[in-house]
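This briefing covers backbone features, domains, the ligand shell and helix packing. The sequence and structure come first.

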Amino acid sequence: MLPTNPKKILLQVTGSIASFKAVALCSKLVQAGYDLEVVLSEGAEAFVGAASFEGFTRKKVHRGIFDEGSMMSHIDLERWADLILVYPATAHTLSSLALGQSNTLITSIFLAHEFKKPFWVAPAMNQAMYRHPATQHHVAQLKNWGVRILDPDPGKMACGEEGTGRLIEPEAMLEKIKKEFSNAKFQKSDTTRPKILVTSGGTLEPIDSVRSITNFSTGETGYTVALKLASEGFDVTLLQARHSHFQNPAPGLKIQTYQTTSDFSNQVEQALSNENYHYLIHAAAVADYRVDSVVDGKIQSSKVLTLRLKPNAKVIQQVRGWSKNKNLKVISFKLTAGRGNNRKFETYDSEWIIHNDLKDISEKAHAGKIYARTPKGKYQAMTSFKTKAELSNSVLKLIQNEPKGTQL
Ligand SMILES: Cc1cc2nc3c(=O)[nH]c(=O)nc-3n(C[C@H](O)[C@H](O)[C@H](O)COP(=O)(O)O)c2cc1C
């Protein structure tokens, strides 16, 4: 039986030798009960044409921005869909999307995309075209913006060469779409989804009206964890530094920014006291010290300057007092710098502590351990991780394994 309230998929097809697979996917999606709108690029029309798509969907396909009677289709189609897909995506379309062009219906739809819903792109091309730095650059750019890239398969290509660039098969694509819609995010209503506040990045401490001191935090760890949880359907708010390197929107991820430590502290207090958060994941690097007397105006830059620093109140020690939800679960981060550095876990009052040491962190690696608090108040190592992606998966599991009903 077909669903009464089918999920809506915008299938966009571009001009590849693999475009015929989009016809098979279209057929499978219609049979599986999805509601489809189809957009064809000029290239796709050269390969497959509209007839099959119109036959399967019983709807006219969309072609250009200036199609008669559908002048606003680049906005309307984006708003209509639950999931937007480019299948297959040519090198040409990947580059146009990554450059933010809007001269075709497909590129205009992407520019109208607000990152509130999944936008998926399935590349298909010759292996050298796919490995080309230009293509890889565009793929990385799209990923960075929160677009999901469906990696092409390795194997023999239409041109006779071997390598990676084959379009993901329609059957595999259908499975991924089904999985996406069976995901927690489409099942749970907003009131039952666990609410998570993730903090990231480094706080600033003003020296005078124009200068500040800060730390080296990029905000990547908190962003990666927040992105993972949002993609799994949790209601995630990311409070990140205004100067964070990772500012990209993603479906389901609400982003707020802070600048100074006091701004950060106020925003955490506001968020926790106004709303029922279930989890706080505190990855922000909060300045331990502030400048004793901040100068109003601009300090002259020609003289030697001595700054006196005073310790800041620890935000992590105040969060339970601020929280409206008295069962708030706290996951905090502790960075140490080598042996002999006191870990002082007990002062954190957190259910879990994620510990890294500076020696285990590099551009590629981000190793550490997750500790859980025992009923006696001690911390016991429960799992280790080697990368930010592994850490994010562990945090996800940890939240998923929490007994239901203990969160509020
Ligand atoms: C026979 C043939 C096969 C092609 N296959 C591909 C392909 O698999 N991937 C790709 O990126 N481009 C492929 N192209 C080139 C694209 O069709 C071309 O770049 C076109 O401008 C893409 O436009 P579109 O992305 O707007 O559809 C092929 C061209 C021809 C003639």
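Arg 58 sits in the loop between α3 (51–57) and α4 (73–80); helices (H or I, at least four residues) and strands (E, at least two) are DSSP runs, numbered from the N terminus. This is a predicted model, in which local features need pLDDT of at least 70 and side-chain atom pairs count only at pLDDT 80 or more, while totals for chains, interfaces and linings use all residues. Residues are numbered from 1 along each chain as its sequence is written.

**Backbone**

- Arg 58 has a phi near 60 degrees, a positive value in a residue other than glycine.
- Tyr 87 is joined to Pro 88 by a cis peptide bond, with omega near -5 degrees.
- Pro 88 belongs to strand β3 (residues 83–89).
- For context, most residues other than glycine have a negative phi, and most peptide bonds are trans.

**Domains**

- The protein chain is assigned domain 1 (8–182) and domain 2 (190–400); such bounds come from an automatic or database domain assignment.
- Between the C-alpha centres of domain 1 and domain 2 the distance is 37 Å.

**Ligand shell**

- Around the ligand there are 16 residues, of which Gly 15, Ser 16, Gly 43, Thr 90 and Met 125 come nearest; a residue is counted if its C-beta atom, placed from the backbone, lies within 6 Å of the molecule.
- Two or more residues of this shell are given by each of the elements α2 (42–47) and α5 (91–98).
- The shell around the ligand has seven nonpolar, eight polar and one charged residues. Here Ala, Val, Leu, Ile, Met, Phe, Trp, Tyr, Cys and Pro count as nonpolar, Asp, Glu, Lys and Arg as charged, and the others, Gly among them, as polar.

**Packing of α1 and α9**

- The axes of helix α1 (residues 20–31) and helix α9 (residues 170–182) come within 9 Å and cross at roughly 40 degrees. Axes are lines fitted to C-alpha atoms, for helices over the stretch in contact, and angles run from 0 to 180 degrees between N-to-C directions.
- This angle makes α1 oblique to α9; angles under 35 degrees count as roughly parallel, over 145 as roughly antiparallel, 65 to 115 as roughly perpendicular and the rest as oblique.
- α1 passes α9 in a right-handed crossing. A crossing is left-handed if the near helix is turned anticlockwise from the far one by less than a right angle, and right-handed if clockwise.
- Lys 21, Ala 24, Leu 25, Lys 28 and Leu 29 of α1 make the contact with Pro 170, Met 173 and Leu 174 of α9; contact requires C-beta atoms, placed from the backbone, to lie within 7 Å.
- The contact of α1 with α9 comprises six nonpolar, no polar and two charged residues.

**Packing of α5 and α8**

- α5 and helix α8 (residues 133–144) have axes that come within 9 Å and cross at roughly 50 degrees, which makes α5 oblique to α8.
- α5 and α8 cross in the left-handed sense.
- From α5, Ala 91, Leu 94, Ser 95, Leu 97 and Ala 98 meet Ala 134, Thr 135, His 138, Val 139, Gln 141 and Leu 142 of α8.

**Packing of α11 and α14**

- Helix α11 (residues 220–231) packs with helix α14 (residues 388–400) at an angle of about 50 degrees, their axes 9 Å apart; α11 and α14 are therefore oblique to each other.
- α11 and α14 make a right-handed crossing.
- By class, six nonpolar, three polar and three charged residues make up the contact of α11 with α14.

Technical notes: Contact = placed C-beta atoms within 7 Å.
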